[in-house]
Amino acid sequence: MKYLQQANSIFKNIDAHQDDQVSFVLDSEHFLFDEHFPGFPVVPASLIMEFINLCVAERYTQEGVKFSISNAKFLNPMVPGNTYTCKFKVRSNEALFFSISDDAGKDYNKGIVSFMSESEVEHAA
């Protein structure tokens, strides 16, 4: 868990399953939730995207492969203390679908991860 260890400050009990799932708990004691937002703590979208980046880097990338997240949808606010599961589904060699839900099956986020080789990135620029 080379990359996922970086997420341990706010994402706790990270469990990377063999079946393309990563479960985690959001640390309700993290100082961020005192400010974002007082009385109704929610996880900033940027942290959710960073967690997805770390999961993808950990499990799906190889040397020379770059990726980007597109079509990210934030369906419900994620709150601390709950257990969530991020599921990945390979759509092709070039794309991966992700979704985050809780134990009750309520969806919170979803989107698509697209893969490109370094040479494709250079030609696109």
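Two strands are said to pair if DSSP finds at least two bridges between them. In this predicted model, strands β4 and β5 form a hairpin with 2 residues between them. Strand β4 also pairs with strand β2, and its residue Tyr84 belongs to an aromatic cluster.

**Strand pairing**
- Strand β4 covers residues 83-92 and runs antiparallel to strand β2, residues 21-26, to which 5 bridges join it.
- Within this pairing, Phe24 has Tyr84 in β4 as its bridge partner.
- Strand β5 spans residues 95-102, and its antiparallel pairing with β4 extends over 8 bridges.

**Aromatic contacts**
- The count of aromatic pairs comes to 7.
- In the pair Tyr84 and Tyr108, the ring centres are 5.1 Å apart and the planes stand at 85°; because planes over 60 degrees apart count as edge-to-face, this pair is edge-to-face.
- The pair connects distant parts of the chain, with Tyr84 in strand β4 and Tyr108 in strand β6 (residues 107-117), 24 residues apart.
- One aromatic cluster is formed by Phe11, Phe24, Phe51, Tyr84 and Tyr108.

**Burial of the tyrosine pair**
- Tyr84 has a relative accessibility of 0% and therefore counts as buried, the cut-off being under 20%.
- Tyr108 has a relative accessible area of 5%, so this residue is buried.

Technical notes:
Residues are numbered from 1 along each chain as its sequence is written. This is a predicted model: local features need pLDDT of at least 70, side-chain atom pairs count only at pLDDT 80 or more; totals for chains, interfaces and linings use all residues. Side-chain values use heavy atoms; hydrogens and water are left out. Helices (H or I, at least four residues) and strands (E, at least two) are DSSP runs, numbered from the N terminus. Rings of Phe, Tyr and Trp (its six-membered ring) pair if their centres lie within 6.5 Å; planes under 30 degrees apart count as stacked, over 60 as edge-to-face and the rest as tilted. Buried means under 20% relative accessible area, exposed over 50%, partly exposed in between (1.4 Å probe, protein chains only).
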